[in-house]
Amino acid sequence: MVQSTLVTPEPYHLPGYLGYVPQFKFKIGGTYGQTTHSILYTPEQLNSRIPYRVVQEAKFTEPLARSKPAQEEGWNNTKLKGSMVPGYTGYVPKGQHFFGQRYAQACDNALKSFEADLVVKEKDDEILRRVPRRPLTPVSKANAYPLKPRDFAYGTSPYRLPNEHNEKYFVSGYTGFVPQARQLLAKSYPAVTHEALSIHQDVQDRVRGRRLETPAKLTRAKTAPPGVIYTRQSGLIPNYTGHVPAMKFKYGRTYGATTVNALNQSI
């Protein structure tokens, strides 16, 4: 039976094959099937020292042999197996060290190399586990670093510590507001915050002492009688939208102080 010239004879690769074809980039002027047939069928066109052999699909073991169960080693990814399909975009351990081969064969060699490294690592870990560990013996019976009694509990805010305390500061990286720290420069952050907190504490102490010495006396303003808007002793409430005589000629004072005795009546 005469074979048709329109059909490419075996063996050849189908168009869309993504594997490696030797010397393919140097062949032009033919279809993909004819070009791959000429490469696979004609030994003298391979231009290599590897003897010609019939291309057969390699058979890989699936799954790969493991020395221990996958659950114990934490490698439970079922996608990493024999006969990897071209187009897989996931990570293949040590896959970057194998090239010039078909994708499935390169992945299989990479995974076998990765397994060999795991075996070596397990042996090294086993040797380390077998090394006897001697307990640490103290140099002296006395405590080399005696603990000083703390006058304040851990976690006390620096605001509550006295000025002479060595922990009255904020550590570097604190992003909160520190009073009196803007005008302090050319020092480390703990030193700046310590000085700023000390100044702030002194100001607060002076204010509290002044309040205790001269307590302020609050007097309630007398309410105006019904129907009276402009009083002699008190001003109007801010946001009052009514008319105030001569208001546009007065400035530099608060609204309440400006509107006192707005009618300019004699007291």
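Y174 has a relative accessible area of 34% and is therefore partly exposed, a class that lies between buried (under 20% relative accessible area) and exposed (over 50%), as computed with a 1.4 Å probe on protein chains only. The model is predicted: local features need pLDDT of at least 70 and side-chain atom pairs count only at pLDDT 80 or more, whereas totals for chains, interfaces and linings use all residues. Residues are numbered from 1 along each chain as its sequence is written, and side-chain values use heavy atoms, with hydrogens and water left out.

The structure holds three aromatic pairs, a pair being two rings of Phe, Tyr or Trp (its six-membered ring) with centres within 6.5 Å. Planes under 30 degrees apart count as stacked, those over 60 as edge-to-face and the rest as tilted. In one of the pairs, the ring centres of F24 and Y32 are 5.2 Å apart and the planes meet at 65 degrees, so the arrangement is edge-to-face. F24 counts as partly exposed, at 30% relative accessibility. The rings of F170 and Y174 are stacked, because their planes lie at 5 degrees, with a distance of 4.2 Å between centres. F170 is buried, with a relative accessible area of 10%. Ring pairs join F170 and Y174 with Y159 in a cluster.

H165 is located in the loop between α3 (103-130) and α4 (189-213); helices are DSSP runs (H or I, at least four residues) numbered from the N terminus. With a relative accessible area of 10%, H165 is buried. Residues up to four places away in sequence aside, H165 touches D151, F152 and H194, where contact means heavy atoms within 4.5 Å. A polar atom of the H165 side chain lies 3.1 Å from the backbone nitrogen of E167. This is given as a polar contact, that is, a pair of N or O atoms within 3.5 Å; within protein, one must be able to donate a hydrogen and the other to accept it, and residues adjacent in sequence count only if both atoms are side-chain atoms. The C-alpha atoms of H165 and S198 are separated by 9.9 Å, the two residues being 33 apart along the chain.

T258 belongs to helix α5 (residues 255-258). The relative accessible area of T258 is 8%, so the residue is buried. A polar atom of the T258 side chain is 2.6 Å from the backbone oxygen of T254. Beyond its neighbours within four places in sequence, T258 is in contact with M247, K250 and R253.

Notes. Helices (H or I, at least four residues) and strands (E, at least two) are DSSP runs, numbered from the N terminus.
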